Protein chains: 2
Amino acid sequence: MSPFRPAVDAIEGYVPGEQPQETGWVKLNTNENPYPPSQQAIEAIVGKANDRLNVYPDPLARGFCQLVAEQMDLDPEWILPANGSDENLTILLRSFVEPGEQIACPYPSYILYETLAAIQGAGTQRLLLNADWSFDFAAAERTIANSKLVLVPNPNSPSGTKWSHDDLLRLVPPKGVFVLDEAYGAFADNPHDGSVLQSEAGRRIVMTRTVSKAFSLAGLRFGYAIAHPDLIRGMRKVKDSYNCDALAIAGATAALADTEWLTETTAKIRATRRRLSAALAELGFEVTPSQANFVWVTHPDRNHQSIYQSLKENRVLIRYMQYPEAPAFGAHGLDGLRITIGTDAEIDRFLDVLRIVLGRDSTSNV
Amino acid sequence: MSPFRPAVDAIEGYVPGEQPQETGWVKLNTNENPYPPSQQAIEAIVGKANDRLNVYPDPLARGFCQLVAEQMDLDPEWILPANGSDENLTILLRSFVEPGEQIACPYPSYILYETLAAIQGAGTQRLLLNADWSFDFAAAERTIANSKLVLVPNPNSPSGTKWSHDDLLRLVPPKGVFVLDEAYGAFADNPHDGSVLQSEAGRRIVMTRTVSKAFSLAGLRFGYAIAHPDLIRGMRKVKDSYNCDALAIAGATAALADTEWLTETTAKIRATRRRLSAALAELGFEVTPSQANFVWVTHPDRNHQSIYQSLKENRVLIRYMQYPEAPAFGAHGLDGLRITIGTDAEIDRFLDVLRIVLGRDSTSNV
């Protein structure tokens, strides 16, 4: 007899995007920032590596919280650092959702939320999106009313689209907590701010952010939640005491302080995003206008999976994604390709290989 | 109405030992190793800080697993790296214990297990220890039979005592999993090995280890579980995808490879432990013979809490601990002082201040 909880035996486990550990790949599959992080972040890490690593870190990472608080004009008690946004999402499920209860999240969207709910023994109700990636609020109303957590990435993945604050506030569950996952928020033309927390429903909203994407520090594992102190206090009880390591705290703090680096880097990514989107449209793809560091495309008459596969054979890695139960997108749901914004050289290489792939496939179809 | 789970509202939250962030303290309260980590570990961290931190780490830390597997003559599938042993303990609770079920752990012992069970909505049955820190197996039998997890630190905290493998094997729950928390295993006169996993009950045993203590890397947050692949596979489904950061993986791998550093450092700590134990006995304390990097002492006629407080006023931090419901130790249970093994200079300073504190209190009692 298995000693595991039935919920654990029942799930497959979340499968993250491929992470080849060897170099030589054009890696446009897991939404990493292609640029090296702020030199100040690297120096802070190197400094900390030589400074009392034998001692436990500050369990609350108060220096980091102080910096975010100053930047957002909030009290430090509003901030909860974690071992990546993943840990904050796990903490949210464990804080607010009992086994047998339900969460809600948009679909097509980030599939991890469903896995985290399943591990907790909870169910997921999907908020099926319209074909233009908007919410069907009439259909969503009852689901939201019955949910303990509603989790929404903004910008969304895989679409890269962004919902307005007014739209988001309509999703706050009356008996639960709304989680606004802003992993990609810094790449929007108008980057995110904290104003949604100042709304009437603000006391039941948790924003999550990360240094993985915008700050080029996916290797660090550092994210943070922003919410009313009543929520943060309870979430702190659920987190592991020393959930963030000393190097990550040092690196993340220096990275956030280097606002010039962020402005320059996100501007480069937005410029490359425009160029990539235009090139893909020229190649016949339907390109969803993106506010994130990736673009979602479909092709009216090519097989998406075989494009992905042909690129991979040429050591260019993008993401092929399938959402079979999305009726607004068609009888078989939606599938397509998500391409992370790389450096200009990486995107050139991707486009070169893509043109060959499309040309060759086209020839072979004759 | 609180949106939190009732179990979360009900708990106080685990309070870790004090972590003053300023220097100038003799810090002997949270069982950190007083020596700097292996220079090879620091160099590996510095190297990694300059090497593609923008990219996600290997979700399974396979290089680390390979090294442990070689050192222990096991397959890498037996190893689960985590964000500190704390995360592995959390993963164990979430993998094996349903709300309403129960865990068991010795008492007096590491109190975090009870907090983790409470967060999961589970109960804790204490295995009350005899006054010589041995198990009362007759009294424990039914509790063990009804437990999904039995968690035992070996050496134990606060006592520093170590149970034999034969004793431990009697604690494996027939319908659950036995967790052998070896955070302090490397400080024993005969350091731990993996032989308990080769027993008949081995398929239901999980060993947890950490680089925080033995390897002087508490700042890193890196631990690992060792268990049969059937158990590791299920636990992997529960962990966050990228639970270990790239710097911690690099540092921990280099630290474990530097076996010479470990041998030298643990020998120094054992030597200081002998010297400290003798000095405390000479000052009238009852010293429990320790196999860990701390010693547990009581004094027949001094107030433990005021000794702790007087030391703290002199910027010497040790741990005052209370276990009120331990009848074998007396009608009011047990209280006493746990002193981490520091450097020789730190221990000298501690003993100097302690002598003053004891002398002054004695004078003031006249």
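Visitor: In which loop is Pro155(A) found?

Guide: Pro155(A) sits in the loop of chain A between strand 5 (149-153) and helix 7 (165-169); helices (H or I, at least four residues) and strands (E, at least two) are DSSP runs, numbered from the N terminus. Before we go on, residues are numbered from 1 along each chain as its sequence is written, and chains are lettered from A and ligands numbered from 1 in the order in which they are written. The model is predicted, with pLDDT of at least 70 required for local features and 80 or more for side-chain atom pairs, while totals for chains, interfaces and linings use all residues, and side-chain values use heavy atoms, leaving out hydrogens and water.

Visitor: What makes the peptide bond between Asn154(A) and Pro155(A) a cis one?

Guide: Its omega is about 0°. In chain B, Tyr107(B) and Pro108(B) are also joined by a cis peptide bond, with omega about 0°. Pro108(B) lies in the loop between strand 3 and helix 5 of chain B.

Visitor: Why are helix 2 and helix 9 of chain B called roughly antiparallel?

Guide: Helix 2 (residues 39-49) and helix 9 (residues 246-257) of chain B pack at about 150°, their axes 8 Å apart. That angle makes helix 2 of chain B roughly antiparallel to helix 9 of chain B. Axes are lines fitted to C-alpha atoms, for helices over the stretch in contact, and angles run from 0 to 180 degrees between N-to-C directions. Over 145 degrees counts as roughly antiparallel, under 35 as roughly parallel, 65 to 115 as roughly perpendicular and the rest as oblique.

Visitor: Which residues of helix 2 and helix 9 of chain B meet?

Guide: Among them are Ala44(B) and Ile45(B) in helix 2 of chain B, and Ala250(B) and Gly251(B) in helix 9 of chain B; contact means heavy atoms within 4.5 Å. By class, this contact of helix 2 with helix 9 of chain B has 9 nonpolar, 2 polar and 1 charged residues.

Visitor: How do you know that helix 4 and helix 5 of chain B are oblique to each other?

Guide: The axes of helix 4 and helix 5 (residues 112-119) of chain B come within 10 Å and cross at roughly 45°. Helix 4 and helix 5 of chain B are therefore oblique. Asp86(B), Leu89(B), Thr90(B) and Leu93(B) of helix 4 touch Leu112(B), Tyr113(B), Leu116(B) and Ala117(B) of helix 5 in chain B.

Visitor: Why are helix 3 and helix 9 of chain A called roughly parallel?

Guide: Helix 3 and helix 9 (residues 246-257) of chain A pack at about 20°, with axes 9 Å apart. Helix 3 and helix 9 of chain A are therefore roughly parallel to each other.

Visitor: What makes the contact of Glu101(B) and Lys148(B) a salt bridge?

Guide: Their N to O distance is 3.5 Å, and a salt bridge is a side-chain nitrogen of Lys or Arg within 4 Å of a carboxyl oxygen of Asp or Glu. Glu101(B) lies in the loop between helix 4 (84-96) and strand 3 (102-107), and Lys148(B) in the loop between helix 6 (137-145) and strand 5 (149-153) of chain B, so the pair ties together parts 47 residues apart in sequence.

Visitor: How many salt bridges cross the interface of chain B and chain A?

Guide: The rule finds 2 there. Glu98(A) pairs with Arg5(B), the closest N and O atoms being 3.6 Å apart. Over all chains, the structure holds 34 salt bridges.

Visitor: How much area do chain B and chain A bury between them?

Guide: About 6200 Å², 56% of it on carbon and sulfur atoms; buried area is the accessible area (1.4 Å probe) that two parts lose on being put together, summed over both. The contact takes 72 residues from chain B and 72 residues from chain A.

Methods
Ala, Val, Leu, Ile, Met, Phe, Trp, Tyr, Cys and Pro count as nonpolar, Asp, Glu, Lys and Arg as charged, and the others, Gly among them, as polar.
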